[in-house]
Amino acid sequence: MSAFATGATRSLPQRGPAPGLRFFIYALLALTLMVLDQRGGWLERVRYGLQAAAYPLQLAMNSPSAAWNWTHKIFEARDALQTENAKLRETNRLLRLANLRGAALEQENAALRGLRARLPGVAEKWLPGEVIGTESTTLRQRLVIDRGAVNGIFKAQAVVAGEGLLGQTLRVGPWSTEVILLTDPEHALPVQVVRNGLRTLAVGSGDTETLALPYLPIQSDIKEGDLLVTSGLGGVFPQGYPVGRVTQVRRDGNSPLAQVRATPLAALDRDRIVSFVWFRANHPATPTAAVTAANGGDPSMKPMETPPAPSLRAPAASAAAARAAPVTAPARTPVRAPVAATRPEASSVPPTSVPAVAAPASASPAPVEPTAAAPATAAPASTPPAEAVPPASVPAISPAAATRQAAPASTPASAEQRP
Amino acid sequence: MSMRNREPRGAMLLTALGALALHLLPLPDVLGIFRPAFVVLCVVYWSLNAPRAGGIALGFLTGLALDVFKGAVLGQYALATSLIAYVTIRQHLMMRNKPPFEQTLFVVAMLFLWEAVIWAIDGWTGQTSAGLGRWVHVATGALCWLPITLALGRTHVAR
C-alpha cells in the first residue's frame with residue numbers, strides 16, 4: 001500500500017503540472033467558454049463542429065426506437081394496414097374537400113382585400129425531419145432533429161407538426177438541429193385569440209402540456225376553449241398558424257393580471273416527425289425580419305416594396321366612415337377605383353401602387369395614401385362630390401355594392417352626383 | 001513498475017462513451033428525473049481507480065459532450081465535471097480502499113456538488129427553477145454506485 005502511495009506521488013510530476021494547476025486551467029477554459037457562449041454567438045462555429053461530432057452518438061442512441069418502429073412496420077398485419085389505408089383515404093378525401101373550399105375562401109379573401117389575384121400560400125416548402133433526441137426538463141424543452149445546415153435549415157426557422165406549431169430552430173449543426181419548443185421557459189410567442197383578435201404573448205412553462213399567457217389584464221376578453229394562433233409579430237412565424245387552446249382562466253381580485261393557461265395543439269412530447277417550413281419571401285403575410293435583423297439580418301429578407309398598409313387599413317377606415325355618416329342615397333358615390341383603374345388615364349398611376357392598393361385606397365376618405373391621389377381616378381372622387389357630401393362620408397363600397405354600381409361608375413362621377 | 005505505464009485508457013474511453021449514451025437514451029419525462037448521472041459516476045470511478053489514465057481531461061471532455069447534448073451553456077457541465085474529477089483525484093488515495101458504504105457517501109457528496117455547480121450556473125445564466133426534481137438523481141446515482149463499481153472493475157486489471 002505504502003509502496004503504491006510513494007509510486008503514485010513520485011509519478012505525478014512526470015505527468016505534467018500538479019492536479020490543482022491543471023484543474024485551474026480547465027476551470028478557466030470552461031469559464032471562458034461560458035462567457036463567450038453567453039455573450040452573443042462567438043462560439044457558433046465551435047458549436048457547429050461539436051454538434052457534428054455529437055450527431056453519430058445521438059443517432060446511435062435513437063436507433064433502438066427507430067429499429068423498433070421499423071420492425072413494427074414490417075410485421076404489421078395486413079388487415080391493420082388495410083384499416084389504416086382506408087382511414088387515410090378517408091382523411092385524404094376530407095382534406096381535399098376542405099382544400100377545395102379553402103381555395104374558394106382564399107379567392108374570396110383576396111377579393112375582400114381588394115387584391116386582383118389570389119396570393120399563393122405563405123408557406124413555400126416543407127421539410128419533414130425525425131426527432132432523434134429530446135431534452136425535457138423544467139429548464140429546457142428541446143428536440144434534436146436529424147436535419148441540419150446541409151438540408152438548408154437556418155436559425156430561427158419555424159417548426160410545425162400536423163396539429164399546430166411546435167417551436168423554432170435554435171442551433172443548427174451540419175446534420176442535426178436543436179429545436180426550442182414553445183413550452184421552453186425561454187420561449188415567448190406572440191399569439192392572438194381567433195375569436196376577437198386579442199394579442200398577447202404565450203410563454204413556455206417548462207412542461208410540455210402547458211403554455212402560460214401571463215400578460216393579460218384581468219378584464220381581457222378571454223375564456224376557456226379559445227383558439228390561439230400566431231399573430232405574425234416577432235418575425236419568425238406568419239400570422240394565423242394554430243398554437244393552442246386556452247384551458248384555464250383565473251381572475252384573482254388581488255392581481256391586476258389574469259392567470260391564463262393554454263395547451264399546445266401539437267403533441268410536443270409525442271410527435272416523432274416534425275416539419276421545417278420555408279415562407280415565401282415576398283408574401284405579405286411573411287413575418288418581417290425583426291428578429292433576424294437584430295442578429296445581423298437575413299439578406300434575403302427585404303422590406304416589401306408593395307405598400308400593404310392601405311389595402312388593410314382602407315376597408316377599416318372606410319367602414320368607420322360608413323358608420324360615422326348615415327348612408328344616404330347620394331352618399332353612395334359611384335367612384336370606384338377598380339373600374340377607374342381600367343380606364344386609360346389610370347395607366348399613369350405609378351407602378352408602385354400595385355393592384356392590391358389602388359382599389360380601396362381611392363375609395364377611402366382619409367388621404368393617408370399618396371398614391372390615392374392618382375390623377376383621373378381620385379380627382380372626380382374628391383372634388384365634385386365634396387359639395388354634395390363631405391368627403392368623410394364617402395362610404396366603403398362593399399363588394400356587393402361594387403358589382404351593383406360597376407356600370408354607373410364608367411360614367412364620370414360628377415355627372416352621377418348632379419341629380 | 002511496468003504496470004504503471006499500462007493505463008486502462010481504452011476501457012476508460014469506451015465506458016465514458018457508454019455513460020454518455022445512457023444520458024441520451026430516450027426516457028419518458030417521469031422516469032427522466034430518476035436517471036442517474038452516469039457520466040459523473042464514470043468519472044468518479046476512473047478518477048479513483050486510475051487517476052492518471054484520464055485525469056481532469058476526462059471530466060472536462062465528457063462534461064463538454066453533455067453541454068452539447070443538453071443544449072446548455074457551453075462549459076457548464078464541463079466545469080462541474082472537471083471539478084468532480086479534480087476533487088476525486090485529490091482524494092483518491094484516501095477513498096479507494098474505503099468500504100463500499102463510505103465510498104457511496106463520497107459519491108453522494110460528489111453528485112451533490114456536481115448538481116450544485118450546475119444549479120448555480122443555471123441561476124447565473126438566468127434560468128431559475130424551484131423544482132426539486134433535479135436533485136433526485138443524487139439518490140438513484142448512489143444506489144447505482146456499487147453495481148457500477150463491480151461492472152467497471154471487470155473492464156481493466158485492478159492494480
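# Exercises on a predicted two-chain model

In chain A, six strands close into a barrel in the order 6-7-8-11-10-9, with antiparallel pairing; two strands count as paired if DSSP finds at least two bridges between them. Between neighbouring strands of this sheet, the average turn is 40°, with direction ignored.

The model is predicted, so local features are given only at a pLDDT of at least 70 and side-chain atom pairs only at 80 or more, while totals for chains, interfaces and linings use all residues. Residues are numbered from 1 along each chain as its sequence is written, and chains are lettered from A and ligands numbered from 1 in the order in which they are written.

## Exercise 1: Confidence along chain A

Task: find where in chain A the confidence is lowest and where it is highest.

Solution. Begin with the average, which for chain A is a pLDDT of 70, with 62% of the residues scoring at least 70; pLDDT is the predictor's confidence in each residue, from 0 to 100. Over residues 312–419 of chain A the pLDDT is below 50, and this stretch has 139 contacts in the model beyond near neighbours in sequence, a contact being two residues whose C-beta atoms, placed from the backbone, lie within 7 Å. Then turn to the individual elements: the lowest mean, 38, belongs to helix 8 (residues 355–363) of chain A, and the highest, 93, to strand 8 (residues 211–213) of chain A. Helices (H or I, at least four residues) and strands (E, at least two) are DSSP runs, numbered from the N terminus.

## Exercise 2: Strand 7 and its partners

Task: describe how strand 7 of chain A is joined to strand 6 of chain A, and to strand 8 of chain A.

Solution. Take strand 6 (residues 188–193) of chain A, which runs antiparallel to strand 7 of chain A and is joined to it by five bridges. Within this pair, A:Gln192 stands opposite A:Arg199. The two strands form a hairpin with five residues between them, and A:Gly197 in the turn has a positive phi of about 75°.

Next, strand 7 (residues 199–204) of chain A pairs with strand 8 of chain A over two bridges, again in the antiparallel sense. Here A:Val203 stands opposite A:Ala212, and A:Gly204 has A:Leu211 as its bridge partner. This hairpin has six residues between the strands, and A:Gly206 takes a positive phi near 85°.

A residue is buried if 20 or more other C-beta atoms lie within 10 Å of its own, exposed if 12 or fewer, and partly exposed in between, with C-beta atoms placed from the backbone.

## Exercise 3: The surroundings of A:Leu257

Task: explain why A:Leu257 counts as partly exposed, and name the residues that A:Leu257 touches.

Solution. First place A:Leu257 in the loop between strand 10 (242–250) and strand 11 (259–264) of chain A. Because A:Leu257 has 14 C-beta neighbours inside 10 Å, it counts as partly exposed. Leaving aside residues up to four places away in sequence, A:Leu257 touches A:Pro214, A:Tyr215, A:Leu216, A:Pro217 and A:Ile218. Of these, A:Pro217 is 40 residues from A:Leu257 in sequence, yet their C-alpha atoms are 4.3 Å apart in space.

## Exercise 4: A helix pair in chain B

Task: state how helix 5 of chain B and helix 6 of chain B are arranged.

Solution. Start from the geometry: helix 5 (residues 55–70) of chain B and helix 6 (residues 76–95) of chain B pack at an angle of about 155°, with their axes 7 Å apart. Axes are lines fitted to C-alpha atoms, for helices over the stretch in contact, and angles run from 0 to 180 degrees between N-to-C directions. Helix 5 of chain B is therefore roughly antiparallel to helix 6 of chain B, since angles under 35 degrees count as roughly parallel, over 145 as roughly antiparallel, 65 to 115 as roughly perpendicular and the rest as oblique. Among the residues that make the contact are B:Gly59 and B:Gly63 of helix 5 of chain B, and B:Ala78 and B:Ala85 of helix 6 of chain B.

## Exercise 5: Where the chains meet

Task: identify which helix of chain A gives the most to the side that touches chain B.

Solution. Altogether, 38 residues of chain A are in contact with 34 residues of chain B. At least two residues each on the side of chain A that touches chain B come from helix 1 (2–11), helix 2 (19–38), helix 3 (44–74) and strand 1 (123–136) of chain A. Helix 2 of chain A gives the most, with eleven residues.
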